[in-house]
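This report examines how the parts of a protein assembly meet, first within a chain and then between chains. The sequence and structure are shown below.

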Amino acid sequence: MRKKVIFKGIALPWLLLLPQLLITGVFFFWPAGQAIYGSFLREDAFGLSRQFVGFENFAEVLADPNYLASGWTTVVFSFSVAFTALSAALFLAVQADKAIRGANGYKTLLIWPYAVAPAIAAVLWLFMFHPQIGLFGRMLNGLGIGWDYRLNGDQAMLLVILAAAWKQVSYNFIFFMAGLQSIPKAVLEAAAIDGARPMRRFWTIIFPLLAPTSFFLLVVNIVYAFFDTFGIIHALTNGGPGQATTTLIYKVYVDGVQNLNFGSSAAQSVILMVIVILLTAVQFRFVERKVHY
Amino acid sequence: MFRRTLMAGAVALAGLVGPAAAQQPAEIQFWHGLSQPLGGLLEQVVTEFNASQSQVRVVPSFRGSYPETMVAAIAAFRAGQAPHIVQMFEVGTGTMMNAGRAVIPVHELLSRTGVAINWDDFLPGVRGYYAAANGNQMSMPFNSSTAITYYNKDAFRAAGLNPDEFPTTWEGVERALRALKASGHACPMSTAWPTWVMVEQFSAIHDMPLATLANGFGGLNTELRLNNPLMLRHMTNLVNWQKEGLFRYGGRNNAGEASFPSGECAIMMTSSGFRARVQREARFNWGVAMLPYYEGTQNAPANAIIGGASFWVMNGGPSVTRSEAEQRGVANFFAYLARPDVAGKWHMDTGYLPITRSGFEHARSQGFYAKPENTGAEVPIEQMLRGATTENTRGIRLGGFVQIRDIMQEEMEKAFQGQQTPEQALAAMNTRGNAVLRNFERANRGG
């Protein structure tokens, strides 16, 4: 039964909504509208001549094998980041939830990386895995593994996935910790008395009860991998070698900002917008049904 | 529009009425893309110019790397706030040439203001790079470099090679690489600016076209010509050498440079502007030499081409033009830069090429080349001047060249990874690069 609050008159509710509406309008609808408008145009870099070209930019982008390849790169990248970040965070949260000495210290340390800016995170990883100056990079080469992420696309991908996932672990960790703390102890103790071992308790009680948290985090992580990993890719690999780590969002930047090809870049961001809308809708429609709140 | 006219009128009136206002020097915004220590040296040149006169004051500001400066200037133009002068790297030249009323060509600026610059004094390879097909100077050449070879003399000696003579041909270089590897050197050779050195300079030195219509100087409908037999031979060699451990791909742009002064790689091909860093950091005997060529190539070795940047004069925005005082100030600043003492000092301080003959003479008269620590400082100049300049060695003028370079880099990387053959890499560079050229042609035909 929903409780209905009724305002007298119309002015106050609008006034209360106004800040949020303004922010959504200025920072979301207006730029999105600009992108849609720009995606139908073709202009020179200086904006001195422009031409309406209909859906030509879209047709060109979708027929470009490099664009399709970068779509696949994005899928691989996003799911790897989400999976790695979620599983690592869950493991750490379960461990930190146990009654161990100095648990608070561990928790603080695990939350720290979230405060690191993406570009700085990337540089940290660069200093570890650069084949010539990086500690681990040199170690790998010393062990006879030909490590050079500047030339090996798979290694470059692995590196950006690790760096991007590492940064997201903290965020997931906080939510999993909160989720774990809300699981009633009585249920776990009852299971223990019935003879369920820790592994079994985890998979039959903790994991299902964490499902709402995991679902929320899955959405957030995929959106993060899609949009927020630009800094890491830019600082670590520049989308290379070849186009091995050029994700869709990185390609929008390369074509728009570096190559000054505004029409194509705008068309790509419109496609990206559609993908994310679809992705979120699908997640809420199908995945949410299987989640018990 | 109306308000702007009104304001311009008011400003003009104020200028007429108030003599105090007229004495205020006009400010010339100058955006550059040189990081330290070069940026500081450039700003010093500007300070000296400001001290030499009182009509204008040039205000320099650092705007990030070359590509970032280019993007910033273009975005500022769209917003009506472009700088008066922008330093633009050579790769952006094609874009600026076709920028229509966004730029004021230098020859036009000079004829409007009556300031004279003696273009005949400039090195042809430098001036020609920034001139239109009809010879009109479009931008002001300033910091120009070219690519040369740096090599580790101690490593050469250890490998039983003559440390005072770097091989002039690629055949000789290959023999040297094998000797270096045999002597236990882990990285016999690497390169920075892979496409500039191994594709663009390579084509010029072998007097081969990189693109049709005189490398794009002849018009917007130019097409890349990268899949020629010699280019293929070189690409195949590099890929094989990489496999054998004779050559190491060091990353895009200048990322590879660091491996030379550290002693890790014995041979490094990169910009002549790298000299200062080697001088400061290398703890071994080193030498410089011209870039090699393949034996028996017709007309090889021809002159190398330049990199670096030039100064472009911009209008403020689609409807913001420059006042006469501002134009005169910019023209005087350019004339100042062309003075023998200024150009010569810049060359001596930075290791960039002397862009004028008189600047070169100035440096020589100061005894610059005779000093032992400057041995080899004239190698880049000699490399620029050897052979007769042909349409293949004048330079490269392609629209969207920034993007084309990225494409070449990507396809090279895929070949080095073994994902495709050198033939496929060159074919892909051609196809993808031509798509960029057609796109640029279409966007700029009307403009």
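## Salt bridges and interfaces

B:E200 is buried, with a relative accessible area of 2%. The model discussed here is a predicted one. The side chain of B:E200 forms a salt bridge with B:R405, and the closest N and O atoms are 2.9 Å apart. B:E200 belongs to helix α10 (residues 194–205) of chain B and B:R405 to helix α18 (residues 401–417) of chain B, so the pair ties together parts that are 205 residues apart in sequence. B:R405 also counts as buried, at 13% relative accessibility.

Over all chains, the count comes to 29 salt bridges.

| Pair | N to O distance |
|---|---|
| B:E200 and B:R405 | 2.9 Å |
| B:R78 and A:E43 | 3.1 Å |
| B:D120 and B:R127 | 3.6 Å |

In the pair of B:D120 and B:R127, B:D120 counts as exposed at 59% relative accessibility, while B:R127 counts as partly exposed at 26%.

### The two domains of chain B

Chain B is divided into domain 1 (26–145 + 307–365) and domain 2 (147–304 + 369–444). The centres of domain 1 and domain 2 of chain B, taken over C-alpha atoms, are separated by 27 Å. Their contact takes 25 residues from domain 1 of chain B and 21 residues from domain 2 of chain B. Between them the two domains of chain B bury about 2,100 Å², with 63% of this area on carbon and sulfur atoms. On the side of domain 1 of chain B, the residues that lose the most area to domain 2 of chain B are B:V91, B:N98 and B:Y129, which together give 25% of what that side buries.

Polar links also occur at this boundary. One salt bridge is found across the interface of domain 1 and domain 2 of chain B, and five residue pairs are in polar contact there, both residues having pLDDT 80 or more.

Helix α16(B) has the buried residues B:S358, B:G359, B:F360 and B:A363. These buried residues of α16(B) pack against α15 (340–350) and α17 (379–385) of chain B. Just after α16(B), B:G367 takes a positive phi of about 75°.

### A buried asparagine in a loop

B:N303 is found in the loop between β10 (286–289) and β11 (307–314) of chain B. With a relative accessible area of 1%, B:N303 is buried. The side chain of B:N303 is joined to that of B:T393 by a polar contact of 2.8 Å. Leaving aside residues up to four places away in sequence, B:N303 touches B:A204, B:I205, B:Q383, B:M384, B:R386, B:A388, B:T389 and B:T393.

### The interface of chains A and B

What holds for the boundary between the two chains? Contact involves 32 residues of chain A and 32 residues of chain B. The area buried between chain A and chain B is about 2,600 Å², and carbon and sulfur atoms give 50% of it. Three residues, A:F46, A:L48 and A:L151, supply 30% of the area that chain A buries against chain B, more than any other three residues.

Two salt bridges are found across the interface of chain A and chain B, and 11 residue pairs are in polar contact there, both residues having pLDDT 80 or more. At least two residues each of the side of chain A that touches chain B come from β1 (41–43), β2 (50–52), α2 (56–63) and α12 (248–258) of chain A. The most come from α12(A), with three residues. By class, that side of chain A has nine nonpolar, 14 polar and nine charged residues.

The side chains of B:R78 and A:E43 meet in a salt bridge. B:R78 counts as partly exposed at 31% relative accessibility, whereas A:E43 counts as buried at 14%. A network of salt bridges also links A:R42, A:E56, A:E60 and B:R442.

Notes
Residues numbered from 1 in each chain as written. Chains lettered and ligands numbered in written order. Predicted model: local features only at pLDDT ≥ 70, side-chain atom pairs only at ≥ 80, totals over all residues. Heavy atoms only, no water. Contact = heavy atoms within 4.5 Å. Buried area = accessible area lost by both parts, 1.4 Å probe. Salt bridge = Lys/Arg side-chain N within 4 Å of Asp/Glu carboxyl O. Polar contact = N/O pair within 3.5 Å; in protein donor to acceptor, adjacent residues only side chain to side chain. Helix = DSSP H or I, 4+ residues; strand = E, 2+ residues; numbered from the N terminus. Nonpolar A, V, L, I, M, F, W, Y, C, P; charged D, E, K, R; others polar. Domains from an automatic or database assignment. Buried < 20%, exposed > 50% of the residue type's maximum accessible area, 1.4 Å probe, protein only.
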